[in-house]
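Hi everyone, thanks for coming. I'd like to walk you through a structure that may be new to you, so please have a look at it with me.

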Amino acid sequence: MKTDVAIVGAGPAGLSAALYLARRGLGVVVLDEYFRAGGRLAGQLYENPKKPPGQRLWDGKAIAEKLSGDVKKAGATILTGVSVWEIAPGSGVFISGGPCQKIAAKAVLIATGAAERAMPVEGWTIPGVMSAGAAQVFANVHGVLPGRKVVMAGIDPLSITVAGELKKAGVEVVGIFLPPPGILAGSSGLPQWVIGELSRSADMAPGTFLKMAGKLFGGSYREVGARLCSLAPANIWGIPLHLRKAVIRVEGEEQVDSVLTARISHDGKIEQEDCRIEADAVCLSGGLYPLTDLIAAAGCPLVSMPGLGGMVPLHGPLLQTQSKGVFLAGSVTGIEGAPVAIAQGHLAGVSIAAFLGRLGKGNRHELDRAVEMVGQAREESPLKFYPGADGARKELAALWDRWKINSAGGNYA
Amino acid sequence: MPDDKLIVCRCEEVTLDEIKKAVKDGASTVSGIKKRTRACMGMCQGRVCQSLVKKVLAHESGNQADSIETATSRSPVRPIQLGEII
Amino acid sequence: MLRIKGKDREKGREGDQITFTFNGLSYQGLAGEPIAAALLANGVRTLRHHEKSGKPRGIYCGIGHCYECRVTVDGVPGVRACLTPLKEGMEVMSERAGEVTSNEN
């Protein structure tokens, strides 16, 4: 199969790039491993208090449906159930499970999104233990619950959101607990650190649910101090949020039947075993990181940016990479949420059109406008996944400039 | 210590203790851990456990986890049948 | 049942009720939903057993990254149950310890 642009990932970033490019008259093939387009948009439903009234509802499922419908109407091809296993810079991508083995393309956009960070607990391989993201997909997208009585381990915006959604869907959420303290949980196992992170993200949190969390933790330091001293759980929508208790073991033979919890000291040490709680499912949450395996295998250097969720591929302000004709958009460039991904997808679309000489004279302003729109989306973003994203973006830009100066690469004005 | 039996790499069932031992035996990179223990070498290719392996490496060597280099990604980044490449 | 009841869910996006088998037993599911969702809705959590230890494994990441949910579908081994839409009459088999697991097509 031959086209102008191959796009890897049919999430918000990939689809919005596809829409722009197809409307410009370019041939576009969008590829995704999932059997339905939309990526992680499909599981999202919240209100953004930073938007004007009337524009606050974010219905990811509806947005995904409209986007993929528009993309097809504009003439792009979406291939789902197809895995991309190699980028051949300058000539396209190799695929598995599709109608052919290679999509020949003049430009490639990598929009592979994010993966979840593991948060291991002894017994986490027992059936019934799954990632918080998995529970969200099964409940919100497929309408199947992970269990009747669920324990959440790992305290972060994702786990709190998923716990609330499960409860709303009729699950008994026994509680949200700290992960077991130790090397692997690291700071996520420390009560003080968890509260700091929550208050930083929750003052901009979507929906009543996280706003309540914001009030709880963002309120006063005295209150936060009291919470830390107290062993009593905070309460969010009737779900106990345990800041001084951790899940230390999951038990069960063929499937989960209980978890063991322990009291945790201020500085994150196990004080004493607490109790055994019956449950038929456990969700583990450790946050998200950019899924970079495909772009890294193409030789694109990765740089460490904790403010963006981990290792991110080095890229320029127009989402170009060191490989000519290979571009990035969405969470693969850093964890920032769907509205930013949509704006980045649009920018990547304009940037690719310019690269292919298809932007047209007098349309250079479209590039500037698209860059502005990414900035605006960031400002309006209701949820910060990682504190320090702005600083990390600046650092990345500086690294890119340094690379450009030191090399002959990059033919951008 | 529950750490002993804690599985870090689900695919290859490699425990925290085994990874710590590999570090003691001289592994200082994710690649070194892979070669000694098979962690990160299973079906998921480290998508689940590589960040954990980095944390162990960092802790045992007294460094920051983000200072540990990510293992080199090589294609194919998804399991494919031999017939698809030859 | 673990399937969410409610107007929106019942209409659903997936299709008609169909019959499939898992390890020879017959189950009902919705056409087009992932195999893993259909099995979870039926209370089936163990999808395979680990090749080395024989320990049971089920859904973990839900979006194709971890390969924990790989099963054999109509004779094709190594298929991710979380990514594969269910069809009428599908024969799904658990991969067990000692069996050679080849890769997805």
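**A threonine between chains**

Let's start with one contact: a polar atom of the T46(C) side chain lies 3.2 Å from the backbone oxygen of E254(A). Before going on, please keep in mind that this is a predicted model.

Where does T46(C) lie in chain C? You'll find T46(C) in the loop that runs between helix 2 (35-41) and strand 3 (48-49) of chain C. And is T46(C) buried or exposed? Its relative accessibility is 14%, and because buried means under 20%, T46(C) counts as buried. Leaving aside residues up to four places away in sequence, T46(C) touches P127(A) and E254(A) in chain A, along with F22(C), P56(C) and R57(C) in chain C.

Now let's turn to chain A. How many helices and strands does chain A have? There are eleven helices and 21 strands. Of the 413 residues in chain A, 60% are buried. As for contacts in chain A with a separation of 6 or more, 64% of them come from residues 24 or more positions apart.

Next, a pair of helices in chain A. Helix 3 (residues 132-141) and helix 4 (residues 157-168) of chain A have axes that come within 10 Å and cross at roughly 30 degrees. Angles under 35 degrees count as roughly parallel, so helix 3 of chain A is roughly parallel to helix 4 of chain A. Their crossing is left-handed.

Which residues meet there? From helix 3 of chain A we have A132(A), G133(A), A135(A), Q136(A), A139(A) and N140(A), and they meet L158(A), V162(A), E165(A) and L166(A) of helix 4 of chain A. The residues of this contact comprise six nonpolar, three polar and one charged.

The axes of helix 1 (residues 16-24) and helix 3 (residues 50-61) of chain B come within 10 Å, and they cross at roughly 45 degrees. That angle is why helix 1 of chain B is described as oblique to helix 3 of chain B. Here the crossing is right-handed.

On the helix 1 side of chain B, L16(B), I19(B), K20(B), V23(B) and K24(B) take part, and on the helix 3 side they meet V53(B), V56(B), L57(B) and E60(B). Sorting the residues of this contact gives six nonpolar, no polar and three charged.

Conventions:
Residues numbered from 1 in each chain as written. Chains lettered and ligands numbered in written order. Predicted model: local features only at pLDDT ≥ 70, side-chain atom pairs only at ≥ 80, totals over all residues. Heavy atoms only, no water. Axes fitted to C-alpha atoms, helices over the stretch in contact; angles between N-to-C directions. Helix = DSSP H or I, 4+ residues; strand = E, 2+ residues; numbered from the N terminus. Parallel < 35°, antiparallel > 145°, perpendicular 65-115°, else oblique. Left-handed = near helix turned anticlockwise from the far one by under 90°. Contact = heavy atoms within 4.5 Å. Nonpolar A, V, L, I, M, F, W, Y, C, P; charged D, E, K, R; others polar. Buried < 20%, exposed > 50% of the residue type's maximum accessible area, 1.4 Å probe, protein only. Polar contact = N/O pair within 3.5 Å; in protein donor to acceptor, adjacent residues only side chain to side chain.
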